[in-house]
Amino acid sequence: MKVEDIKKVACVGAGVIGYSWALYYSLKKLSVSVYDLSDEKLDLAKKRIHESLLNLMKNGVVSEDEMSEIENGINYTTSMEDAVKDVQFITESGPESYEIKQKMAEEMERYTASNTIIASSTSGLLVSEIAKNAKNPERFIGAHPYNPPHLIPLVELTKGDKTSEEVLKCAKEFYQSIDKEPVVLQKEALGFICNRIQMAVYREVCNLVMKGVCSIEDADKAVTYGPGLRWAIMGPSLVFELGGGEGHIDGLMKHLNPSISLWLHDMADFKDFPEEFPEIARNGVIEAMKNRPREIGNDDASLAEYRDKMLISLLKLHNKL
Ligand SMILES: NC(=O)c1ccc[n+]([C@@H]2O[C@H](COP(=O)([O-])OP(=O)(O)OC[C@H]3O[C@@H](n4cnc5c(N)ncnc54)[C@H](O)[C@@H]3O)[C@@H](O)[C@H]2O)c1
């Protein structure tokens, strides 16, 4: 399969992630079919697409005409055969279970050409295991998006033990061609790259809160108005490169190492979050919400709306929209 051959895609499983992939592909002018188990599930996907498009329109990303073109252009079906028979690329976003994904793999293979690429949105299952019983395991890859995929550019690509290099290369080029930012894991790693980084940060948030150093609200504020602002522009290594001045990142690491080493020894290395922490985190979030003005979100719905509005502004600054 060559990237220029990919014209039609199918989204198999159209929940929180699948509908958003379908919307993104459609925004990128690909022909999209969406499959789920029932008309009710498809209606929910349609509703989510409609609401997300309204939000994109409100923020100047699509016009009213483009919105109806996208809504009318997507083909919804409860027939797996109709959804996948003539597509070159499938995004599978079914439930996070080997049993279900293996069953879906078998069904998708039944109705597709042997070189149709099948990319799973799995958050952490192994591609080798998902494709264990596949006739053509070389065309299966993992393509882990960040929620919501129609706004967050990152896709983490993983290979199974039988995935071919050609498929990986084509998938990477495909995502690049539609303005995604794919990163390729050189070997399998639980949680991939970003969930590990996120959890390393959040483990330390938990540690600071449990030790009484700061509140949930202040830890969030510290990240939002400190490193978070820089991380929205460049990664932590480039940030440190600039922090090192003429000494660069290596100078910074060497210079600060005696001090960093003291902090590292004092930081958390636990492997399970304390049992009482989820409730502490929830109460901290409730407190933080009370202090936020409505326009930057002070309940889940307004917070999500604010997040999407800010994401759109950032993506425009990154020339990604
Ligand atoms: N939610 C997230 O934040 C997130 C982020 C990244 C990746 N993921 C991954 O994306 C995948 C989907 O997660 P989600 O949050 O969209 O779940 P979801 O429950 O919202 O959606 C799953 C959809 O799959 C459908 N489904 C169930 N069995 C099916 C079958 N046999 N064939 C086709 N469709 C079937 C369901 O009806 C449902 O619509 C998972 O692998 C998950 O790990 C989720």
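Y24, P149, H150, L151, I152, P153, D179, K180, L315, K320 and L321 line the largest cavity. A cavity is a set of points on a 1 Å grid over the protein atoms alone where a 1.4 Å probe fits but cannot get out, and lining residues have an atom within 4 Å of a point. The lining has 7 nonpolar, 1 polar and 3 charged residues. Here Ala, Val, Leu, Ile, Met, Phe, Trp, Tyr, Cys and Pro are nonpolar, Asp, Glu, Lys and Arg charged, and the others, Gly among them, polar. The space inside is about 70 Å³. The model has 3 cavities of 30 Å³ or more.

This is a predicted model: local features need pLDDT of at least 70, side-chain atom pairs need 80 or more, and totals for chains, interfaces and linings use all residues. Residues are numbered from 1 along each chain, and side-chain values use heavy atoms, without hydrogens or water.

Now the charges. There are 17 salt bridges, each a side-chain nitrogen of Lys or Arg within 4 Å of a carboxyl oxygen of Asp or Glu. E109 pairs with R139, with the closest N and O atoms 3.2 Å apart. E109 lies in helix α5 (residues 98-111) and R139 in the loop between α6 (127-130) and β6 (140-145), so the pair ties together parts 30 residues apart in sequence. Helices (H or I, at least four residues) and strands (E, at least two) are DSSP runs. Both E109 and R139 are buried, meaning under 20% relative accessible area; exposed is over 50%, and partly exposed is in between (1.4 Å probe, protein chains only).

E173 and K169 also form a salt bridge, at 3.2 Å from N to O. Both lie in helix α7 (residues 165-177), 4 residues apart, about one turn. E173 is partly exposed at 31%, and K169 is exposed at 53%.

Methods: 1 Å grid on protein atoms, 1.4 Å probe; cavity = no way out; pocket = protein on both sides within 12 Å on 5 of 7 lines; lining within 4 Å. Points joined across faces, edges and corners; volume = space filled by probe spheres on them.
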